[in-house]
Amino acid sequence: MLDLNNINLTFNEGTPDEKNALENINLSLEPGEFLTIIGSNGAGKSTMMNVVSGSLLPDVGDVIIDDKNVTYQPEYKRSQMLGRVFQDPMAGTAPSMTIEENLAIAYARNKKRTIKIGVTKKRKDVFREFLETLNLNLEDRLSAKVGLLSGGERQALSLLMATFTQPKLLLLDEHTAALDPARAELITNLTADIVKKFNLTTLMVTHNMQQALDLGNRLIMMDKGQVILDVTGEEKQDLTIEKLLQEFQRIRGEKMANDKAVLG
């Protein structure tokens with residue numbers, strides 16, 4: 001479902017601030033695979049996510065989604081195949097529009113645009129059915145402005161909007177980092193349920209090692225723009241935070257500098 005072939009990207013090339021953001025990234029995901037991505041600040045996690053989404057173009061390499069080379073395809077076209085949830089709950093929704101209007105926009109993501117009414121009775125019934133799965137009683141608030149929702153409610157809505165058209169790829173960019181622990185746990189559980197329900201091929205960037213261990217069937221660790229560890233199956237199930245830190249020190253010869261990655 002996804003192939004990243006020899007991806008390289010340098011920021012500020014030829015200047016004193018030059019940085020190898022991504023270096024020789026080769027990564028393949030099978031349909032239904034759930035990959036979690038960890039690493040310290042500046043490791044290249046979100047940069048790699050942005051290359052997949054099309055908001056950044058690699059200097060070298062190819063991005064293949066569902067056997068289609070999309071390396072130079074603009075972000076708005078690539079978005080028809082992708083669902084994405086950002087760290088900021090404000091980023092994935094339109095606050096001045098209602099819940100049903102936001103859902104109508106997401107519903108039309110991979111459909112031909114027309115001038116027909118976006119919110120119909122039939123669609124409202126569909127929206128209610130999906131909202132009920134969140135267990136937040138949002139199905140009874142379809143006409144409420146999204147800007148009035150809490151951060152956790154907005155992120156849950158963003159997750160639903162990103163997934164109910166069953167995209168080729170789901171991109172989760174630290175989507176629980178801005179939430180308090182209770183709401184972060186809610187969104188984490190919803191993520192696991194939705195990915196499993198639709199068998200979505202998923203990439204999830206996180207600073208939280210425990211979250212990366214709890215979710216998904218595959219884990220990679222990045223550092224300085226490189227993938228330095230790739231584990232799957234039973235090997236991933238046997239991992240702990242302590243073992244991950246030991247692996248980082250064994251590979252890099254030094255301790256991981258970012259304490260935030262260790263926090264549960």
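**Salt bridges and aromatic pairs**

Biologist: Glu100, buried or exposed?
Modeller: Glu100 counts as buried, because its relative accessibility is 13% and the cut-off is under 20%. Keep in mind that this is a predicted model.

Biologist: What does Lys124 form with Glu100?
Modeller: A salt bridge, with the closest N and O atoms 3.8 Å apart. Lys124 sits in helix α4 and Glu100 in helix α3, 24 residues apart. Lys124 is partly exposed at 27%.

Biologist: How many salt bridges does the structure hold?
Modeller: There are 10. One of them joins the side chains of Asp66 and Lys168, at 3.0 Å from N to O. That pair links distant parts of the chain, 102 residues apart.

Biologist: Where are those two residues?
Modeller: Asp66 is in the loop between β4 and β5, and Lys168 is in the loop between α5 and β7. Asp66 is partly exposed at 32%, and Lys168 is partly exposed at 35%.

Biologist: Which residues are linked in a network?
Modeller: Glu33, Arg218 and Asp230, through salt bridges.

Biologist: Changing topic, how many aromatic pairs are there?
Modeller: A search of the whole structure gives 2. In one, Tyr107 and Phe127 are edge-to-face, with 6.1 Å between centres and 75° between planes. Tyr107 is in helix α3 and Phe127 in helix α4, so the pair ties together parts 20 residues apart in sequence. Phe127 is buried at 0%, while Tyr107 is partly exposed at 23%.

Biologist: And how do Phe130 and Phe198 pair? What angle lies between the planes?
Modeller: They are stacked, at 25°, with centres 6.4 Å apart. The pair links helix α4 to helix α6, 68 residues apart. Phe130 is buried at 18%, and Phe198 is buried at 16%.

Conventions
Residues are numbered from 1 along each chain as its sequence is written. This is a predicted model: local features need pLDDT of at least 70, side-chain atom pairs count only at pLDDT 80 or more; totals for chains, interfaces and linings use all residues. Side-chain values use heavy atoms; hydrogens and water are left out. Rings of Phe, Tyr and Trp (its six-membered ring) pair if their centres lie within 6.5 Å; planes under 30 degrees apart count as stacked, over 60 as edge-to-face and the rest as tilted. Helices (H or I, at least four residues) and strands (E, at least two) are DSSP runs, numbered from the N terminus. Buried means under 20% relative accessible area, exposed over 50%, partly exposed in between (1.4 Å probe, protein chains only). A salt bridge is a side-chain nitrogen of Lys or Arg within 4 Å of a carboxyl oxygen of Asp or Glu.
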